[in-house]
Amino acid sequence: EALLNAMVQIKSEVEALIGGINFLDDNASDDGFLTFWAEQALANGVADTKALLSVMADIKPNVEALIGNINLFDENDPGNGFLTYWAEQAIEQGVDKVKMLLSDMAYLKPTIERGIGRTLDVFDPDDSGLLSYWANEVQRIMQDEDLSHNDALARIEQIIRDTYNIQGNVTFYMNDDEVVFFDKDGNIIYTYTLPADQIYTNGHLPNTYYTPEKVLISQDDTKAIIFYSTTVISPGVVNFSVVEIDLVNKQEQYILDGSDTNKGRPEFKDAFFAQNDKYIIIGYEGSEIVNGSLTTKSSYILFYDYENGELIANVPNTNLENDGSTIKDMLVSPQGDRLYVLTGFYTEAGDIVNIYDVETGELLARITDNDIAEAKTILISDDGNILTVITNDGKEIKYDVSDLNNIHQIQEIPDAVITALKPYIQQLLGSYDENNPQHQGFMTYWAQRAVNEGLDNIEALLNAMAVSYTHLTLPT
């Protein structure tokens, strides 16, 4: 009786979400849906359940614009959990705010995908977090800078384009079978179809699968580079191919293949353009072939002069060959001159960051530090001077990489240290302006020393300097 009563009370909210319910037809899906939510109402309260269902119906169009149609009767459709999650967020944060957030996520998604070179999986926590971060930035600057929604959205879109050095307007959609390219108005300009998977049902031949991995688009929107993997199930052979698409003349050609690496079972990991599309850099894992046998799997970096169609270098991403290294993350500096590779190892604990010259493939420097033993990803500042390593537990470790001969960890400076040193800095300089980059750099230098050497020691040193000098003049 209680269940039937709950069904009656929530029926109108359920029908607003799924349409009319016919209890007398042969389709039991709608009846089961109502029963499920009636049970939820008994467990969580009728009022709260009615509110949740009402919000789900309200935001469903915004959710489906982001993830596609949701089959509410399919318990295995991840869209159901996605819809419920955002309905709960809407109840907590406000429906209008969440609808705007979902709309902005859908709008910004193609630009972010062009930047990272692959399709975002909105059901993956990391991808969803990246997407929601940028959408939340829209609302943040609306409030902080008193901007309209359209102005804030345009500002964040431009920041994303600047972050990923996106000059053109072509976007793409990638699934298991094809990559579709669109112009700025959403019109299809080219479709690349991967080789068809070879599935054998008689068991005598191995199944072969082709999977797109990444897409790079030239800054002038005339060329696209597609990286895809080939996997042969049993004996477990993997390979990758690189295809160039001429988006203007609608032509395609292979420019690289895993066989060019001369490594066994080369497995694609990541790739980037560098220096205005002059170079292509590919990170992969494979094995050396010695007397017809494969050695331990390890990671390598392939440097390719795309402008001239020449292989520059193919180097082991480690201090020793064949030591079981793996690529955890890669990035190119904003200036396009360096490649940073976060490197782990299959056989031992401890991560390192290798730094390469983009033009030659030469290993320039290496960061080895116990603090980054369990690292997840790396970031680089806009000026290319600060490398941030983010560990698995979310800790951020910053390194000054402006001088590769003097790479050092940047310690966090407590506010108390800045406050304590300010009178000494003011006395030495005659004044202290927090907005003056030279003054700020001078303060940072001494504050870092205070963190490393002790505040009392640095205060004593600065006090002695202040006694000796009227004030210092910083070089311009």
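This is a predicted model: local features need pLDDT of at least 70, side-chain atom pairs count only at pLDDT 80 or more; totals for chains, interfaces and linings use all residues.

User: What does the secondary structure of the chain come to, and how many of its residues count as buried, as a percentage?

Analyst: The chain holds ten helices and 21 strands. It has 476 residues, of which 44% count as buried. Its C-alpha atoms fill a box of roughly 95 × 65 × 45 Å along the principal axes. Among contacts with a separation of 6 or more, 47% are between residues 24 or more positions apart.

User: Why is H5 called roughly parallel to H7?

Analyst: Helix H5 (residues 95-116) and helix H7 (residues 149-163) pack at an angle of about 30°. Angles under 35 degrees count as roughly parallel, and the angle of about 30° therefore makes H5 roughly parallel to H7. The axes of the two helices are 10 Å apart, and H5 passes H7 in a right-handed crossing.

User: Which residues meet where H5 packs against H7, and how do they divide into nonpolar, polar and charged?

Analyst: From H5, the residues are Met100, Asp104, Tyr107, Leu108, Thr111 and Ile112. They meet His149, Leu153, Ile156, Glu157, Ile160 and Arg161 of H7. The residues of this contact comprise seven nonpolar, two polar and three charged.

User: What makes S14 and S17 the edge strands of their sheet?

Analyst: The open sheet consists of four strands in the order S14-S15-S16-S17, with antiparallel pairing. Strand S14 (325-332) and strand S17 (363-368) each pair on one side only, and these are the edge strands. Neighbouring strands of this sheet are turned by 20° against each other on average, direction ignored.

User: Why does Ala41 count as buried?

Analyst: Ala41 has a relative accessibility of 2%. Buried means under 20%, and Ala41 therefore counts as buried.

User: Where is Ala41 found, and which residues is it in contact with, leaving aside its neighbours within four places in sequence?

Analyst: Ala41 is found in helix H2 (residues 29-44). With those neighbours left aside, Ala41 is in contact with Ala6, Ile10, Val46 and Thr49. The C-alpha atoms of Ala41 and Asp415 are separated by 50 Å, and the two residues are 374 residues apart along the chain.

Conventions:
Residues are numbered from 1 along each chain as its sequence is written. Side-chain values use heavy atoms; hydrogens and water are left out. Axes are lines fitted to C-alpha atoms, for helices over the stretch in contact, and angles run from 0 to 180 degrees between N-to-C directions. Angles under 35 degrees count as roughly parallel, over 145 as roughly antiparallel, 65 to 115 as roughly perpendicular and the rest as oblique. A crossing is left-handed if the near helix is turned anticlockwise from the far one by less than a right angle, and right-handed if clockwise. Contact means heavy atoms within 4.5 Å. Ala, Val, Leu, Ile, Met, Phe, Trp, Tyr, Cys and Pro count as nonpolar, Asp, Glu, Lys and Arg as charged, and the others, Gly among them, as polar. Two strands pair if DSSP finds at least two bridges between them. Buried means under 20% relative accessible area, exposed over 50%, partly exposed in between (1.4 Å probe, protein chains only).
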